Amino acid sequence: MNYKETLYFIAKCLTISLEDKNRQEIEKQLQSDTIDWDAVVKVSTAHYVFPALYCNLKRADFLQYLPQELVSYMEHITNINRERNKQIIKQAQELNSLLLDNNIKPIFLKGTGNLLAGLYKDLAERMVGDIDFIFSKVDYPKAITILREFGYSAVKKRKYHYPDLHNKHYRRLQKENNIAAIEIHSKILNIKKFINDFNYKVVERDSQIINGFRLLSYANKLNLSIVAYQIHDSGFYYKTMALRNAYDVFLLSKKTSAKAAVNALDKLSHPLNCFLATCYEVFNSVDSLEYNNTKKAATYLSDFNNQFANTVKTKRKHKRIKRYVFINRRLNLIYKCFVYREFRVWLLNLLTEKEFYKRRLVEFKKK
């Protein structure tokens with residue numbers, strides 16, 4: 001199995017609990033005994049869907065087709081992730097109670113928000129990093145103060161931090177004996193042309209309360225799942241797929257119209273529609289993932305598929321994109337240094353800090 005075959009196989013496996021057509025096709029593939037399980041483990045792990053893959057195969061009673069050693073390993077990893085997610089939910093409950101007691105209303109985002117919404121049949125399916133929540137402009141500084149007083153401190157112990165007013169979230173915080181770091185957001189996006197499309201006011205309007213937690217509407221959950229990869233991680237430039245985000249979009253498309261959610265946005269609509277198109281393709285034409293079949297979307301989908309044909313050419317292209325994204329961000333930083341005094345002070349302090357050069361040396365050696 002090459003990379004594309006492996007990616008598409010994993011993607012279809014993630015849908016077999018809800019899509020009968022894919023269930024039948026996957027069972028035939030499994031019975032043929034042609035699956036490269038080493039490749040499946042490698043790709044599913046890289047995409048953070050290894051536990052979700054196991055859970056779907058188990059629900060479909062397909063574990064009988066897998067090597068027993070692999071089943072044992074998958075079960076072990078999934079059990080670890082389930083326990084981690086239980087602790088994350090417990091930590092989220094504590095954070096929610098603390099903030100509400102201080103008249104601060106958090107809206108939980110991303111993976112933690114999906115866990116709290118009960119999106120997954122088995123909470124072990126989702127691999128979660130941090131606990132993310134967003135606040136109004138009034139509540140944002142209050143939340144930082146309350147959480148710091150509660151014992152949360154910066155993950156990275158640095159003398160000088162990136163100016164918080166110009167970042168979409170406060171520096172990552174952690175607390176001793178707590179499983180996850182937290183990210184306190186004031187914005188969803190930090191890109192000027194998209195800010196009016198998707199921000200706190202937009203998502204707060206139709207937010208929902210589930211089990212005492214304020215969460216995004218299902219439509220906004222779906223949009224954020226795409227934004228997190230397509231915009232934040234530059235997926236739109238690379239024209240690649242992140243299965244963890246795509247799996248969330250697939251599940252959320254069973255709760256709300258994916259096409260309508262994407263169409264509700266303005267400038268973000270095209271890049272999000274392109275991701276939806278790749279989901280429709282990779283998940284094997286699932287009806288709930290229907291997208292706007294425009295010429296631009298067709299071109300994007302063609303580029304997405306063509307990159308699998310020549311991996312050497314694709315790697316060179318991705319290197320060029322990486323340089324482009326890096327230069328863009330550095331130019332944006334230089335612009336901010338000219339416009340905002342706090343950026344000039346931060347950069348000057350950073351460049352005169354010995355630890356800065358030590359960190360850069362370590363990063364250079366890793367490369």
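**Helix packing and aromatic contacts**

Helices α9 and α11 run roughly antiparallel to each other, since angles over 145 degrees get that label. This is a predicted model, so local features need pLDDT of at least 70 and side-chain atom pairs count only at pLDDT 80 or more, while totals for chains, interfaces and linings use all residues. Residues are numbered from 1 along each chain as its sequence is written, and side-chain values use heavy atoms, with hydrogens and water left out.

**The α9/α11 pair**

- The axes of α9 (residues 218-232) and α11 (residues 243-252) come within 9 Å and cross at roughly 165°. Axes here are lines fitted to C-alpha atoms, for helices over the stretch in contact, with angles from 0 to 180 degrees between N-to-C directions. Helices are DSSP runs (H or I, at least four residues), numbered from the N terminus.
- The crossing is left-handed, meaning the near helix is turned anticlockwise from the far one by less than a right angle.
- On the α9 side, the contact (heavy atoms within 4.5 Å) involves residues including Y218, L222 and Y229. N245, D248, V249 and L252 supply the α11 side.

**Aromatic pairs**

- There are 15 aromatic pairs in the structure. Rings of Phe, Tyr and Trp (its six-membered ring) pair if their centres lie within 6.5 Å; planes under 30 degrees apart are stacked, over 60 edge-to-face and the rest tilted.
- F9 and W37 have ring centres 6.0 Å apart and planes at 75°, so they pair edge-to-face. F9 sits in α1 (residues 3-13) and W37 in α3 (residues 37-46), so the pair ties together parts 28 residues apart in sequence. Both are buried, with buried meaning under 20% relative accessible area, exposed over 50% and partly exposed in between (1.4 Å probe, protein chains only).
- Y280 and Y291 are also edge-to-face, because their centres are 5.5 Å apart and their planes at 65°. Y280 counts as partly exposed at 24% relative accessibility, whereas Y291 counts as buried at 14%.
- Y3, Y8, F304 and F308 are linked into a cluster by ring pairs.

**Charges over rings, and Y48**

- K175 has its charged end over the ring of F150, 3.5 Å from the ring centre. The test is NZ of Lys or CZ of Arg within 6 Å of the ring centre and within 35 degrees of the ring normal.
- R244 does likewise with Y48, its charged end sitting over the ring 4.7 Å from the centre.
- Y48 is in the loop between α3 and α4 (50-59), and at 44% relative accessibility counts as partly exposed.
- Neighbours within four places in sequence aside, Y48 is in contact with M127 and R244. Y48 and M127 are 79 residues apart in sequence but 6.3 Å apart in space, C-alpha to C-alpha.

Conventions. Helices (H or I, at least four residues) and strands (E, at least two) are DSSP runs, numbered from the N terminus. Angles under 35 degrees count as roughly parallel, over 145 as roughly antiparallel, 65 to 115 as roughly perpendicular and the rest as oblique.
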